[in-house]
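Please find below a note for a colleague who is meeting this structure for the first time. The points are numbered so that each can be checked against the model in turn.

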Amino acid sequence: MQTVIDNCSARMKKSVEALSQEFASLRTGRASAQLFDKIKVDYYGAETPLSQVASISVPEARLVVIQPWDKSVLSAIEKAIQKSELGLNPNNDGKLIRVAFPPLTEDRRKELAKNAKATAENARVAIRNIRRDAMEELKKLQKNGEISEDQQKEGEQKIQKLTDSSIAEVGKIAEAKEKEIMEI
């Protein structure tokens, strides 16, 4: 029974972490190096993460500076940023790339907040599915005589507590991201 609960706990933590990572790459009005985590650059024929071919710094609230270690990859980085879903316009000066973040419009903020809510709801659904799987596993164990009915009930209560705390954590993360998106 304990392995079922531990497995359930680990899977729920992974769901919450995945949501945090997803939100880190969601563009807000502020510049962030994490926005570029998903961007891949064509580096000598191989799709390479941007962070592995250049240093990314944030000198100001609305500016990101990308300095490649190999100057020959500048145009590939520029193309990769333009192709990304971030909607940013990189500025290449021959040595480094500057990416200015324009302030978000009210409509765009609302759209991003709506997307954040949908992403958070997907995380909640994933957590509930994990709970359902764990509950079914406990029922099988009880049916096979490996645990008693009391142990099954106790396990179900523990799983429900894990579910409640994970969903509350998702709510906190989503609320913080929504607040960050909506601030000017």
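1. Basis of the note. This is a predicted model, in which local features need pLDDT of at least 70 and side-chain atom pairs count only at pLDDT 80 or more, whereas totals for chains, interfaces and linings use all residues. Residues are numbered from 1 along each chain as its sequence is written, and side-chain values use heavy atoms, with hydrogens and water left out.

2. Overall fold. The protein contains four helices and six strands, where helices (H or I, at least four residues) and strands (E, at least two) are DSSP runs numbered from the N terminus. Along the sequence these elements follow the pattern α-β-β-β-β-α-β-β-α-α.

3. Overall dimensions. The radius of gyration, taken over C-alpha atoms, is 22 Å, while a compact globule of 184 residues would have a value near 16 Å; the globule rule is 2.2 Å times the number of residues to the power 0.38. Taken along the principal axes, the C-alpha atoms fill a box of roughly 70 × 40 × 25 Å. Buried residues make up 39% of the 184 residues, with buried meaning under 20% relative accessible area, exposed over 50% and partly exposed in between (1.4 Å probe, protein chains only).

4. Strand pairing. Two strands are said to pair if DSSP finds at least two bridges between them. Strand S3 (residues 54–60) is joined to S4 by five bridges and runs antiparallel to it; Ser-55 has Gln-67 in S4 as its bridge partner, and a hairpin links S3 to S4 through two residues. Strand S4 (residues 63–68) is in turn joined to S6 by four bridges, again in the antiparallel sense, and Val-64 stands opposite Val-99 in S6.

5. The S5–S6 hairpin. Strand S5 (residues 90–92) pairs with S6 in the antiparallel sense over three bridges, and Asn-92 has Ile-97 in S6 as its bridge partner. Four residues lie between the two strands of this hairpin, and Gly-94 in the turn has a positive phi of about 95 degrees.

6. Helix H2. In helix H2 (residues 74–83) the buried residues are Leu-74, Ala-76, Ile-77, Glu-78, Ala-80 and Ile-81. The elements that cover them include S1, S3, S4, S5 and S6.

7. Tyr-44. Although Tyr-44 is not a glycine, it has a positive phi of about 50 degrees. This residue lies in the loop between strand S1 (40–43) and strand S2 (46–49), and Tyr-44 is exposed, with a relative accessible area of 66%.

8. Lys-38. Lys-38 is found in the loop between H1 and S1 and is exposed, with a relative accessible area of 52%. Not counting residues up to four places away in sequence, Lys-38 touches Glu-22 and Ser-25, where contact means heavy atoms within 4.5 Å. Lys-38 and Ser-25 are 13 residues apart along the chain, and their C-alpha atoms are separated by 7.6 Å.

9. The largest pocket. A pocket is found on a 1 Å grid over the protein atoms alone, as an open set of points with protein on both sides within 12 Å along at least five of seven lines, and lining residues have an atom within 4 Å of a point. The largest pocket holds about 420 Å³ of space and is lined by 18 residues, of which Ser-25, Leu-26, Lys-38, Glu-85 and Leu-86 lie nearest its centre. The largest share of this lining, five residues, comes from H3.

10. The cavity. A cavity is a set of points on that grid where a 1.4 Å probe fits but cannot get out, and the count comes to one cavity of 30 Å³ or more. The largest cavity holds about 40 Å³, a volume being the space filled by probe spheres set on the points, which are joined across faces, edges and corners. Its lining consists of Val-4, Asn-7, Cys-8, Arg-11, Ile-130, Asp-133, Ala-134 and Glu-137, with helix H1 (2–24) and helix H3 (106–143) each supplying at least two residues.
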